[in-house]
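My entries follow in the order I looked things up.

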Amino acid sequence: MSPKSRTRKPKSAARNKNRRTGPPSNPIADVYRTVVPVFAAEADHTSSLHSELIASELYSVMHQTTNLGPGIDAEMFGDWVRYVERQRDAAAASMLWALAQVADPPADAEAAAAAQRLMDAGVAPPAWLAPLRKLEATEAWMLTDVFGDSIELVIEFRTGRRKHGMAMTIDTNHMGGYATSLTFDESARKLVKDRERFAGHMDGLMQIETASLTEVRAMGIAAIDATDITSDSDLAPEYAANRSLALSRLRALPGSDVVDLADRRIPTEAEELSQFERDEAENERLVAEFLADLQKDPTDHAVRDYEEEFARLAELAIMYGRNYDDGRLLRVSPPKISSFTGWFLPRKVMLDDEEREALPLFLESWIAWCGKRQQLPALAIELVQHAAATTLDSVADLVEDGEELTSPSMVFLEGLDMDTMEEAQDAIGRRQFAMPYFGTRIGGEDYPQLNANRADELRLLVLGELEELHGVGKKEYPRSGEPDGSPVWDAALRELVISQLWHNDPPQVWEAAVRLQSKGLNRLEILAQLQGALSGHVDAARLRPLTDGAGSDAVHALGYVASLATLGASEGRGGHLRPV
């Protein structure tokens, strides 16, 4: 059998006469052919809104968002700009000018430069470009509710003799407010009228009023920034397509992007400790005021029957407001009370039987008390009470249906073999001291259910508890010779100490902690001293992720145990304290 000739036509060619020939399809060209008729039709119009909306949607395909913030596929955008410029006609120029309005720097300059080259070559710009260059905001309105759950902004813009409006919805229950909806209309007044009618049907629970353009600019940009780093956010369908144009319009409002460096300054250890003490004092004051007001009513027996439980639950509610509601400690609303009751308490807190029994009565009293301080109308308080009752019923139904709402007490007892209730209580006390949380948030990532018995999940709990450790990688450990005091080093020491306490190995760690507790030190202070005792007896080069247990061959046990023996052995509080 002779080999085939390189010049002989293969037999299969005759059977594929319908096979496509030529270069493969260009995806940029395909998309361009789809959208260019719109830009061509709009080029003679004096309103730029439709062209900019299409450009914003087109740009959204090239825009990338990660937990590090917004970005752009620069290579894709550059290929697109070069392709459009090569078309050298009015529709292409219109598309480039529109992209220049909505793209982030430096992509906006790249598109504008290509459009300018077409103009220099004699390709006329779109009719809407000259009016757009006179863009100005004329007025803004803000729709708010009595709960503080959401804000809607409406802004009117003028381009020459034409006007249009933009509306933004901000959910203020997360990260101080993140944008969930962005819409545009040819008439800002129509957007305002729609919201006035809506507010009119809400029995005084919502109001709309004019707002400062400078305030709206800062609020709107911050809300979009928050959405950019929020995972699994509940966004309106048009949000992604309109994001770039909305951000461009907000940046056109009067105001500044200059960052106040004082807001970015990392507080000193002394300042952090001072703030912690102020927060603790404020918590105690508010709990005392809450209980004192309830005790003024001689017919209210709940607070007398459950005074200790009410105090604990009030402390948790204040903690939730401080950490999850942007510091709004006593604000109550239907979404907030539902999240507190249906997510925070069952997922992140250990309630005993008495506290669970007291919870419905506590919620009723807490909502009424906070609602009065918040000056909520009776209807608003009734809505919050209904939300709380509905959430309690939903949680009860989940438990009844066998839904696993992990009990923290089971985590505290997992893997232990105990003969008496006293041993169980001691173990719970030790483990609750070691790691009282079973959920955390690191940056924009939320970990609602973690188990400290698993080494990798304990690591997340350790990193999440202190904000200064959020930047440490999940598997990042000190290199040999890394200086004491770095976040990576502190994270490794803290993880080791907490793991040792959790597993009671060596037992001298918990014994030292108990001695320090007896001298009046709090948990953070005790952990700092335990880490100090450990720091001189660890080989950084041998630190690795822990396995499911406390042991680590990086610790020099004899010297460490000797250092532990000195903690709490002398009079006083144990010398100089340095929170980690």
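**Overall make-up**

I counted the secondary structure and found 24 helices and 9 strands in the protein. Helices (H or I, at least four residues) and strands (E, at least two) are DSSP runs, numbered from the N terminus. The model is predicted, so local features need pLDDT of at least 70 and side-chain atom pairs count only at pLDDT 80 or more, while totals for chains, interfaces and linings use all residues. Residues are numbered from 1 along each chain as its sequence is written, and side-chain values use heavy atoms, with hydrogens and water left out.

I then looked up burial. Of the 580 residues in the protein, 45% are buried. Buried means under 20% relative accessible area, exposed over 50%, and partly exposed in between (1.4 Å probe, protein chains only).

The accessible surface comes to about 30,200 Å², and carbon and sulfur atoms hold 52% of that. These areas come from the Shrake-Rupley method with a 1.4 Å probe; for residues, only the protein chains shown count as cover.

Residues 24 or more positions apart account for 67% of them.

**Helices α12 and α14**

At what angle do α12 and α14 pack? Helix α12 covers residues 269–295, helix α14 covers residues 307–324, and the angle is about 135 degrees with the axes 10 Å apart. Axes are lines fitted to C-alpha atoms, for helices over the stretch in contact, and angles run from 0 to 180 degrees between N-to-C directions. The angle makes α12 oblique to α14. Under 35 degrees counts as roughly parallel, over 145 as roughly antiparallel, 65 to 115 as roughly perpendicular, and the rest as oblique.

I noted the crossing of α12 and α14 as right-handed. A crossing is right-handed if the near helix is turned clockwise from the far one by less than a right angle, and left-handed if anticlockwise.

On the α12 side the contact includes L286, V287, F290 and L294, and on the α14 side it includes F310, A311, A314 and I318. By class, this contact has 9 nonpolar, 2 polar and 5 charged residues. Ala, Val, Leu, Ile, Met, Phe, Trp, Tyr, Cys and Pro count as nonpolar, Asp, Glu, Lys and Arg as charged, and the others, Gly among them, as polar.

I picked out A314, which lies in α14. Its relative accessible area is 0%, so A314 counts as buried. Not counting residues up to four places away in sequence, A314 touches V287, F290, F362 and W366. A314 and A288 are 26 residues apart in sequence, and their C-alpha atoms are 9.6 Å apart.

Next I checked S365, in helix α16 (residues 353–373). S365 has a relative accessible area of 13% and is therefore buried. Beyond four places in sequence, S365 is in contact with F290, L294, D300 and F310.

**Helices α3 and α10**

I found that α3 (residues 49–62) and α10 (residues 239–251) pack at about 120 degrees, with their axes 7 Å apart. This makes α3 oblique to α10. Their crossing is right-handed. Among the residues in contact are L49, L53 and Y59 of α3 and A240, A241 and L245 of α10. The contact has 6 nonpolar, 4 polar and 4 charged residues.

**A strand residue**

Is T159 buried or exposed? T159 is buried, at 3% relative accessible area. T159 lies in strand β4 (residues 150–159). Leaving aside neighbours within four places, T159 is in contact with P131, L132, L135 and H164.

**Backbone spots**

Most residues other than glycine have a negative phi, and most peptide bonds are trans. I listed the departures.

A cis peptide bond joins P105 and P106, with omega about 0 degrees. P106 is in the loop between α5 (90–102) and α6 (107–120).

The bond from D505 to P506 is also cis, with omega near 0 degrees. P506 sits in the loop between α21 (487–503) and α22 (507–518). N504 is found in the loop between α21 and α22. N504 is not a glycine, yet its phi is positive, about 55 degrees. At 29% relative accessibility, N504 counts as partly exposed.

Q375 has a positive phi near 60 degrees and is not a glycine either. Q375 is in the loop between α16 and α17 (378–400). Its relative accessibility is 69%, so Q375 counts as exposed.

Notes: Contact = heavy atoms within 4.5 Å.
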